[in-house]
Amino acid sequence: MLKRLPLLLAAGLGCGGKGGDPPAPAKQDGASAHPTVAPLVVPALGVDRPTRFDYTDGDGEKDYQRAIGAYKKKDWAGVRASCEKALAADPSHLDAHWLLAGALAQTGDLAGAVDHVVTVVAADDVRFGAVLDTPDLAPLMASTYGKPISELATRVAADYARVAGSGLWLVARDAAFHTHAPHGELYVYDREARRYLRISHTDHAVAGFVRAAQSPQFALLGFERVERPKDGPAALIARGWVLVIGSDGKVIGKPAVLPTARQLALGYAAGDQLLVSTAPATGKWTLGDATVQAVDAATGKLAAASAAMPATHIAITVDDGAFARASDDAKAPWAGDTAPALEVNGDTIAIPETGQATRSTVAVSRDKGHVAFATAADPCNASFAPSLYIADTRAKTLRHVLTARSRFDTRWLDDAVVAYEHGSDTIRLFDVQLGREVDKLEDRAGIALDVLSPMAGAPCTSDGAELDGGSAGSAGSAGSSVAPGSAEPMPPEE
């Protein structure tokens with residue numbers, strides 16, 4: 001995956017499907033005369049759900065693999081027939097659309113190729129928008145269709161950049177969680193169109209991401225393999241990696257390959273210095289001393305770092321994924337990760353229920369008018385769950401939003417709307433001005449604001465149980481809300 005990723009983002013040649021990339025055919029010259037083509041209409045961008053990118057178990061994958069076989073023989077008729085069958089079974093199979101576009105262009109059906117090119121560029125611009133000069137499409141791009149397609153690709157790229165600047169960044173899986181791989185990629189959610197624009201291409205190996213505060217870049221953290229030592233206390237992450245990507249979606253330099261470890265953590269320190277830490281296992285739930293290193297984005301090399309990991313970072317193990325955050329806008333007498341009160345703009349917010357707030361859930365709106373936080377709760381207590389609250393610092397009010405077995409990671413999108421995680425498969429958007437929920441993002445395979453986890457809430461580390469496979473909801477469904485102080489379910493308040 002790591003060797004192919006820069007090619008997919010920077011050059012993107014081939015189909016890029018999980019079954020393997022077909023070789024680039026010989027370039028063909030010449031173009032047939034065609035009447036002037038009107039500007040193309042930009043279709044809906046992205047996809048309606050991240051699982052659209054899971055082709056492996058789809059109904060059209062077998063026919064797509066037959067198309068790959070025909071492609072290797074330059075059997076364009078065979079490619080066309082198999083791709084059409086694949087798309088009849090799975091119309092969202094972008095690899096089949098891309099391969100079919102090339103087959104149609106190579107056999108003279110240029111008008112037929114246009115629709116498939118437009119489909120893939122709109123659905124996944126980061127991967128397909130910059131590779132329209134592939135030899136397969138040479139007859140198409142050299143014809144009168146070429147200019148309208150190029151113009152459409154330019155408009156789509158601009159729209160992607162616009163949505164990336166204002167949309168909701170998140171990580172989501174294309175398939176159900178298994179302990180051997182994260183199955184995640186980075187997306188931006190378009191709140192107006194309610195669609196997902198894919199940003200990363202790592203063969204679905206992303207576990208989480210962090211964004212730089214000053215530089216126009218972000219870093220991905222993922223892994224490819226898990227090791228389960230016979231004599232070891234816990235499963236280890238093998239072939240972990242860090243990859244830095246610019247705001248244009250292109251890879252910056254080379255990926256950093258991390259040593260085998262129980263836990264990996266990633267964060268941007270002061271001056272946008274990217275730091276990564278690796279920690280060994282000393283028990284099923286305990287860690288040894290972490291080694292902190294600086295990541296050189298250009299070379300992918302790791303160097304010893306004297307600085308500690310920043311307070312805001314992501315951390316993953318095979319069994320868990322967590323986001324740690326320290327809000328400079330909220331002061332508190334922190335004792336570890338909890339505090340009995342918060343202070344924002346000189347106003348003190350007393351914490352209800354358990355009397356303790358969890359540090360990573362505290363988020364202050366940009367105008368400092370509202371504070372979102374969750375109460376701390378013992379994950380080993382099955383009858384008690386944390387609650388999400390929103391405090392109005394001006395009106396001096398406190399609104400209970402939801403009680404559930406959730407981590408309640410939060411992020412303000414603007415002064416009115418806060419996004420929060422509800423379990424491991426739902427992100428909800430709550431508008432404090434309207435006093436109700438305004439959107440809900442669901443992905444049963446798994447979805448998160450910063451880092452994916454196989455568990456809906458924090459794990460209980462005192463019972464010795466360790467997650468071993470299954471779906472993201474197997475350790476606690478996001479739909480199982482719990483009333484404060486009881487085990488009775490309750491619906492989310494809107």
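Arg407 is buried, at 14% relative accessibility, where buried means under 20% relative accessible area, exposed over 50% and partly exposed in between (1.4 Å probe, protein chains only). Asp320 also counts as buried, at 16%. This is a predicted model, in which local features need pLDDT of at least 70 and side-chain atom pairs count only at pLDDT 80 or more, while totals for chains, interfaces and linings use all residues. Residues are numbered from 1 along each chain as its sequence is written, and side-chain values use heavy atoms, with hydrogens and water left out.

**Salt bridges**

A salt bridge is a side-chain nitrogen of Lys or Arg within 4 Å of a carboxyl oxygen of Asp or Glu. By this rule there are 21 salt bridges.

| Pair | N to O distance |
|---|---|
| Arg407 and Asp320 | 2.3 Å |
| Asp48 and Arg49 | 3.6 Å |
| Arg444 and Glu442 | 3.6 Å |

Arg407 and Asp320 lie 87 residues apart and link distant parts of the chain. Asp48 is partly exposed at 35%, and Arg49 is partly exposed at 38%. Arg444 is exposed at 56%, whereas Glu442 is partly exposed at 38%. A network of salt bridges joins Arg444 and Glu442 with Asp425 and Lys440.

**Helix H2**

Helices are DSSP runs of H or I with at least four residues, strands are runs of E with at least two, and both are numbered from the N terminus. Buried residues of H2 (residues 61-72) include Tyr64, Ile68 and Tyr71. Seen down the helix axis, the buried residues of H2 fall within an arc of 165° (taken from the directions from the axis to the C-beta atoms), so they line one face. The face turned away from this buried side carries the exposed residues Lys62, Arg66 and Lys72.
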